[in-house]
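Here's a quick tour for anyone meeting this structure for the first time. Have a look at it before reading on.

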Amino acid sequence: MNSYIDKLFLEQSKSSGKTEHVIQVPISRITSDFPILGKLWNEYKGMCNYGTNPTEQTILLNNVINRNKYFTEMRSEIMGYPDKRRYDQFEVDCSYRGKTLPKTREPYNDVWRILNGKYIHTVNDKSFPDYYWDKSQMKEMLDLGMEARGNFYYPKGAFREWHTNAYHVNGYRMYFIATGKGDSYFNYINPESNQVVNLKDANEYANIFYVYGTDNWDKMIWHSIYSNTDRFSLGFNIHPEGLKNNLVVSGKVK
Ligand SMILES: [Fe+2]
């Protein structure tokens with residue numbers, strides 16, 4: 001999958017005439033090349049219909065955000081250039097303006113719970129499809145050099161604060177997005193121009209970018225999410241070339 005995405009970046013950079021740092025690709029194109037991802041995406045969207053109540057969840061989440069002055073500040077800064085030091089500190093140890101913020105985890109029901117400014121979907125602490133698919137389907141994903149990670153719901157007013165993911169696994173991140181009628185944004189800082197780009201999500205498109213480690217701060221793609229609608233996302237970690245062998249060694253791939 002890593003080299004497939006390399007090609008998508010080359011293709012878009014070639015057609016725009018500049019180096020693209022984040023690309024949007026129709027999900028249908030990716031799923032026609034990798035049918036297992038189409039199966040996964042359809043099942044995910046079906047699952048999102050279960051236990052979801054947009055009206056109630058929008059009110060609950062906004063109440064949580066509005067009574068927390070730190071979350072309110074993070075949301076107000078979501079579309080503009082962030083104080084990188086302040087947000088990096090928060091990513092490192094959850095401390096913000098000198099105060100340690102415990103993760104807000106408020107359950108809505110048995111599948112959705114609030115995680116700071118958005119909802120995360122888990123069953124027995126596992127996200128889809130880990131709790132649902134059998135081993136052979138999971139292996140098919142790993143054989144492609146990818147893992148599905150993170151099922152999120154961003155109702156109107158939801159956000160993910162500025163961050164880099166620099167302390168996690170490096171490699172491409174790909175997010176399949178389903179949105180309602182309003183607008184939602186993947187904001188990022190172009191590492192060359194150091195300017196914020198407010199990239200509007202497109203329904204049934206994947207947002208793809210690269211997560212670098214702390215040894216590559218000059219290339220880092222700072223990013224954040226803001227939603228004015230109902231935005232569901234399914235994320236994938238793409239293993240850089242060569243990592244698959246490490247997984248075999250560590251026993252993750254049989
Ligand atoms: Fe991220």
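How many bridges join strand E10 to E11?

## Before we start

This is a predicted model, where local features need pLDDT of at least 70, side-chain atom pairs count only at pLDDT 80 or more, and totals for chains, interfaces and linings use all residues. Residues are numbered from 1 along each chain as its sequence is written.

## The sheet

Strand E10 (residues 184–189) and E11 run antiparallel, joined by 5 bridges. Strands (E, at least two residues) and helices (H or I, at least four) are DSSP runs numbered from the N terminus, and two strands pair if DSSP finds at least two bridges between them. In this pair, Ile 189 sits opposite Val 196 of E11.

Both strands belong to an open sheet of 4 strands, ordered E8-E13-E10-E11 with antiparallel pairing. Its edges are E8 (159–163) and E11 (196–200), each pairing on one side only.

## Helix H3

With 15 residues (35–49) at 1.5 Å a residue, H3 should span 21 Å, and its end C-alpha atoms agree at 22 Å apart. That expected span is 1.5 Å times one less than the number of residues.

Leu 37, Leu 40, Trp 41, Tyr 44 and Cys 48 of H3 are buried (20 or more other C-beta atoms within 10 Å of a residue's own, with C-beta atoms placed from the backbone; 12 or fewer is exposed, in between is partly exposed). On the other side of H3, Pro 35, Asn 42, Gly 46 and Asn 49 are exposed. Just after H3, Gly 51 takes a positive phi of about 75°.
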